[in-house]
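Keep the viewer open as you read.

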Amino acid sequence: MKMFLIIGALVVIGVIYLLLKRHESRMVLIAAGILMCCIAGKPMASLDAFAKSMTNAGLITSVCSCMGFAWCMKYTGCDKHLVVAIGKVLKKMGFLLIPGATLATFVVNIAIPSAAGCSAAVGVIFIPIMMSAGIHPAMAAAAVKSGTYGSMLNPGLVHNAVIAKLAGVQITDVIANHMLATVAGVIVAAAVLTVLAVVLKENRGFAPEGEAGVDENFGINPLFAVMPLVPVIILLLGSTKLVPALKMGVPHAMVIGAILSLAVTRKNPVELTKSFFDGMGDAYANIIGIIISVGVFVAGLNALGLIKALINWMLNSTGIVKIAATFGPFVLALISGSGDAATVAFNEAVTPHAAQFGLETMNMGSIAALGGTLGRTISPIAGATIICAGIAGVDPMEVCKRNALGITLALVVGMILLLF
């Protein structure tokens, strides 16, 4: 048994190393899971986990439908109308430009849940606006990057679906549970970044590098701009019972949003339908694919007894459970550039036993998800960081250095609100 634990620990270290080297995460996780199951003499356990994860209805319907809707927004151009509309408001915010950009990015990220996609969409507009106002380029990029975890409030975020499954509740219940911690976190991050900009004297006086990103000739259609937010509004109104008739599942809201966008934009229904299903397929391959891979990996950990050993250790060291759940995914996401694999693995392996540590499943799962998301937010090798830094023309490390304090304090605030 002890030998199995040693072998398992070595495999886990190898997995972390390969992920840090940016190898294909799905391949690494599946290979490691199969290897551990074979060593334990239970080769079929890994394949059983693979088959079971492939048909996880709750995850598939939520994640795939949300990504399908996101692709519809890109096809119709509604996402651009939303971003440009917010950009024009930002130009008039004066000294509130930095926190305004962070909060605006946060809101857009709710509708466009991909951090990299959101950064690309808003960065080309928000960052030049701030630079034209004299804000240091790295600070402008940091303002956008620090808002790229609004996806925590998107019902299609894979972590919300995983937590809902573990806790046996609706996805909207999970979002409602961590909403205060998430929103408080972004307010703290925006405030700290603003103070830092003033202290470093990076909030004004820098020569602009070109024109502001908003195309003044771009005609904003208010209805188009609202479309990306429609499903989220429907789900919020329904789940809070403000409009009981709107209480529905995530896929229902996404399909309604797509149909309304078709009616409003009058785009080609054939192409919009193709976009929806292309988005669903992409979500299964790139998001659900990670869930399947993590399921195989966790099966390997279970086969070698690592999960049981970890739980026993945490039970005997209850004082560090809250810190481990918060900063474990945070650190792994920071050094790997992705919070998905580490967070899902933690939630699949440890969070089901939250009650044994005296914690609520939703709270433990939520802080792990928030930790992973925030860790990715200050990772210099994350796609969104590289995009923001590229638009501003600065080194990614310069962006992360400016966000480090605010994002870390945001995580501490989240931990206090969720676990204490």
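**A buried charge and its partners**

Glu 202 is buried, with a relative accessible area of 8%. Keep in mind that this is a predicted model, so every value here is computed from its atoms. What does Glu 202 form a salt bridge with? The partner is Arg 402, and the closest N and O atoms of the two are 2.8 Å apart.

Arg 402 has another partner: its side chain meets that of Glu 398 in a salt bridge of 3.0 Å, N to O. These two are four residues apart in helix α20, so about one helical turn separates them. Glu 398 also forms a salt bridge with Lys 401, where the closest N and O atoms are 3.1 Å apart. Here the spacing is three residues in helix α20, again about one helical turn. Glu 398 counts as partly exposed, at 27% relative accessibility. Through shared partners, the salt bridges join Glu 202, Glu 398, Lys 401 and Arg 402 into one network. A search of the whole structure finds six salt bridges.

**Rings, and a charge over one of them**

Now turn to the aromatic side chains. How many aromatic pairs does a search of the whole structure find? There are three. One of them joins Phe 276 and Phe 277, with 5.9 Å from centre to centre and 75 degrees between the planes, an edge-to-face arrangement. Is Phe 276 buried or exposed? Phe 276 counts as buried, at 10% relative accessibility, whereas Phe 277 is exposed, with a relative accessible area of 53%.

Phe 327 and Phe 330 make another pair: their planes lie at 85 degrees and their centres 5.9 Å apart, so this pair is edge-to-face. Both residues lie in helix α16 (residues 321–336), where they are three residues apart, about one turn of the helix. Phe 330 counts as buried at 6% relative accessibility, while Phe 327 is partly exposed at 25%. A ring can also meet a charge: the charged end of Lys 322 sits over the ring of Phe 420, 4.2 Å from its centre.

**Into the nonpolar interior**

As a general background, nonpolar side chains tend to be buried together in soluble globular proteins. In this model, the largest nonpolar core has 86 residues. Val 15, Tyr 149, Met 364, Ile 367 and Leu 374 are those with the most contacts inside this core. Which helix gives the most to this core? Helix α14 (residues 269–304) does, with 14 residues. Not counting residues up to four places away in sequence, Val 15 touches Val 28, Leu 29, Ala 32 and Phe 297. There is also a second, separate core of 34 residues, which includes Val 84, Ala 141, Leu 193 and Phe 218.

Helix α12 (residues 230–239) has buried residues of its own, among them Val 230, Ile 234 and Leu 235. After α12 comes Lys 241, whose phi is positive, near 65 degrees.

Next, look at His 178 in helix α10. His 178 counts as buried, at 1% relative accessibility. Leaving aside neighbours within four places in sequence, His 178 is in contact with Met 152, Leu 153, Asn 160, Ser 366 and Leu 418.

**Cysteines without disulfides**

We finish with sulfur. The structure holds zero disulfides. For Cys 64, the nearest cysteine sulfur is that of Cys 66, 9.5 Å away. Cys 64 counts as buried, at 3% relative accessibility. Cys 78 is in no disulfide either, and the nearest cysteine sulfur, that of Cys 72, is 9.6 Å away. Cys 78 counts as buried as well, with 0% relative accessibility.

Notes
Residues are numbered from 1 along each chain as its sequence is written. This is a predicted model: local features need pLDDT of at least 70, side-chain atom pairs count only at pLDDT 80 or more; totals for chains, interfaces and linings use all residues. Side-chain values use heavy atoms; hydrogens and water are left out. Rings of Phe, Tyr and Trp (its six-membered ring) pair if their centres lie within 6.5 Å; planes under 30 degrees apart count as stacked, over 60 as edge-to-face and the rest as tilted. Buried means under 20% relative accessible area, exposed over 50%, partly exposed in between (1.4 Å probe, protein chains only). A charge sits over a ring if NZ of Lys or CZ of Arg is within 6 Å of the ring centre and within 35 degrees of the ring normal. A salt bridge is a side-chain nitrogen of Lys or Arg within 4 Å of a carboxyl oxygen of Asp or Glu. A nonpolar core is a set of buried Ala, Val, Leu, Ile, Met, Phe, Trp, Tyr and Cys residues joined through side-chain atoms within 4.5 Å. Contact means heavy atoms within 4.5 Å. A disulfide is a pair of cysteine sulfur atoms within 2.5 Å.
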